[in-house]
Amino acid sequence: MRIYRICMVTDSLDLGGAETHVTSLAGKLAAMGHEVTVISGGGRLVHTLSGVRHITLPYFKKRFLPRLFFKLLVFFRKNKFDIIHAHTRFSAFICRPFAKGRLVVTAHWVFDSRFPKRQFTYWGNQTLAVSRDIAEYLKGVYGCKEQRITVTVNGIDSEQFAPQKERSKKRRIVCCTRMDADRADAAFALLEAARQLPQDEFSLTLIGDGNRFEELTLAYEKIKKQDKDCDIRLLGGVSNVATCLRDADIFVGVSRAALEGMSAGCAVILAGNEGYLSVFRPKDAHIAEESNFCCRGAEETTVERLVQDLSYLLRLSQEELLKMGKANREYILRHYTVSRMAQDALSVYQRICMTKCVLCGYYGFENVGDTLLSKALTKELAERGYERVLLLSAKKLSLRAIHALHRGYDFFLGGGNLLQDATSRRSLSFYLFCALRARYLEIYGGIGPLSCEGKKRVIPLLKKAELFHARTRKDAALAKALGAPRVRLSSDTVLSLPFPQKEKGEKILLSLRAPAPDEEAAALAFSLSICRRFGKERCFIFVMHPADRRFAKRVAGLCGIPLFEGGADRFLSLLAKCQAVISSRLHAGICALGMEIPFLLWEGEEKCRFFIEDIKETAKQSDFCALFSFSDRPSALPADTGIKKARALMRARI
């Protein structure tokens, strides 16, 4: 599982459904192993964050843009996040310049779309809508594209909101809502309804505060003066709502608070400023789900309707109420868990991170092995879900790839042994320069040979990598020794390519790296002995790298055998006609294994030795491959004993 670095931004963490949504989601993602940071203006719910770093920026509350902008600029430069997840219109607008194409916005409500607020509204690169009607609102009012909107749920922590019912003569009624002008109608109607119900049959608790709280307090005090025996409590804003709901029998309210009441095993009446949907029953849940249990478009909330439904519930026995509450809780456990909410968010994070990625390697130098690697890795990354793979190399400095790297798109260092300084220190410097600037990094291939200085240089890169896909056991061991925290034993990705059908042929393919001057005579003598022993009419030489061309021409002229060169497709088509391969180029052996052709690799190449040793450790019978030196004079070609099983075992590791 990929570990995401997530920054959630919201105006405040005071009491409210959207704020509880943020704390629940952040806590669940942190529990799943992701690195979560929450930025807000502070509030009474900050202490409920578990395993989550919280940064308080009071300027969110004051809307002091210059100072807030500067603080966020400094913060996001120091912290490289994979995702910025905003939960309000203002936080989305202020974070847009820092997101670099990775901003997710959750739409918790329908908003005022008039001028000038519409001009300061941004719904991110992907949007999470907490209900279907909000998704339709975003499409209709703001013109958001459907493919950018994902409908999620207000996930409830079912362990925190769990029932602990005790038998009582009085039914316990709870209403929890913001006591604001656009939220508090149900609370006022409930106070009036309480006067018309038998006072000895229930107790009423009102939870929440807001700009109408003083008005509600006056209404409450008036009722208390008229009837001192009425059992009504006005708690104001509290952060431990779960404690108040655990032993409640009936809940009155809407939205997330209503879902929390269901999770706590209460019978629920859906009533709010936007409408009234009566007593909730899971069989009719689709009606409430359309508006995220906010009753948008339903009939008006009235005292008469509340009195009627409360009278019905108060007449039920304790067992009948418990049965209704149990059905509500089971409904929440099936459809409205925090786990589902977190998975919805993770699917959006994955989608937004997989729009583009950068694949960096030794590409564009007419090397057949690296051409095959670019094809294989591009195919694998596409299968993983990346919509577009941008190639980056020192030969072809793609401006799009450089821009994508700057924007923080996922970066893959993929090729052969890129992390080596035996042939050139400059190439290692190029790969380190690019990879160390990546936000998310994975490495494919091998490692080494490295000098002592080279090992010191690659240690920070290996520690930064989210995953090192080592193609041999020796590469895996060396990467771990140099401090790579996450190493996976894989195989060279070229083995995953669809190879052409093998033909029945007797050809022998030679593909030799241009040797050092002191080894050139021995290499020529070895090539001549191969052609004499097995027949020059059966042998041919293929140039896999432009640097080998001069030496290949000498071998072809001395031995009287044909010379071929060209791209990867031509190499594979010629390889399909071969009985054996003799090469000092690693990918000639890898392709031979992929096509089940016996092969010999030169022992003077470290990565060839690692590859042969890895095959010998993986497959018990591996007579089909061996190492050779220029001083050898092979009398027979290797047999194909065990090659099918070895190929299957090596491909299974990819």
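1. Six strands form an open sheet in the order 10-9-8-11-12-13, and the pairing is mixed. Strand 10 (232-236) and strand 13 (275-279) are the edge strands. Each has a single partner, so one side of each lacks a neighbour in the sheet. Neighbouring strands are turned against each other by 15° on average, direction ignored. This is a predicted model, and the points below should be read with that in mind.

2. Strands 9 and 10. Strand 9 (residues 202-207) and strand 10 run parallel and are joined by four bridges. Within strand 9, L206 stands opposite L234 of strand 10.

3. Helix 6 (residues 185-195) lies across strand 8 (171-176), strand 9, strand 10, strand 11 (250-253) and strand 12 (267-272). Its direction is at about 160° to strand 9. Helix 7 (residues 213-226) lies across strand 9 and strand 10. Helix 7 runs at about 160° to strand 10.

4. K170 pairs with D231, with the closest N and O atoms 3.6 Å apart. K170 sits in the loop between strand 7 (149-151) and strand 8, while D231 sits in the loop between helix 7 and strand 10. The pair therefore ties together parts that are 61 residues apart in sequence. K170 is partly exposed, with a relative accessible area of 27%. D231 is partly exposed too, with a value of 28%.

5. Strands 14 and 16. Strand 14 (residues 357-360) runs parallel to strand 16 (residues 410-414), and four bridges join them. V358 stands opposite F411 in strand 16.

6. K474 forms a salt bridge with E613, the closest N and O atoms being 2.6 Å apart. K474 lies in helix 18 and E613 in helix 23 (residues 606-618), so the pair ties together parts 139 residues apart in sequence. Both ends are partly exposed: K474 has a relative accessible area of 37%, and E613 has 29%.

7. Other salt bridges. Side chains of opposite charge can pair when their charged atoms come close. The count for the model comes to 40 salt bridges. One of them joins D182 and R183, at 2.8 Å from N to O. D182 is partly exposed at 44% relative accessibility. R183 is partly exposed at 22%. A network of salt bridges links R2, R5, D82, R102, D410, E466 and R486.

8. Helix 1. Helix 1 (residues 17-31) has 15 residues. From first C-alpha to last, helix 1 reaches 21 Å, close to the 21 Å expected at 1.5 Å a residue. Of the 15 residues, 11 are buried, so helix 1 is largely enclosed by the rest of the structure. Among the buried residues are E19, H21, V22, L25 and L29. The buried residues pack against strand 1 (5-9), strand 2 (35-40), strand 4 (83-86), strand 5 (103-107), helix 9 (255-263) and helix 13 (338-353). G33 follows helix 1 and has a positive phi, near 105°.

9. S527. Is S527 buried or exposed? S527 counts as buried because its relative accessibility is 1%, and the cut-off for buried is under 20%. S527 is in helix 19 (residues 520-534). Leaving out residues up to four places away in sequence, S527 touches L512, V555 and C559.

Definitions and conventions. Residues numbered from 1 in each chain as written. Predicted model: local features only at pLDDT ≥ 70, side-chain atom pairs only at ≥ 80, totals over all residues. Heavy atoms only, no water. Helix = DSSP H or I, 4+ residues; strand = E, 2+ residues; numbered from the N terminus. Buried < 20%, exposed > 50% of the residue type's maximum accessible area, 1.4 Å probe, protein only. Contact = heavy atoms within 4.5 Å. Pairing = 2+ DSSP bridges. Axes fitted to C-alpha atoms, helices over the stretch in contact; angles between N-to-C directions. Salt bridge = Lys/Arg side-chain N within 4 Å of Asp/Glu carboxyl O. Expected span 1.5 Å × (residues − 1).
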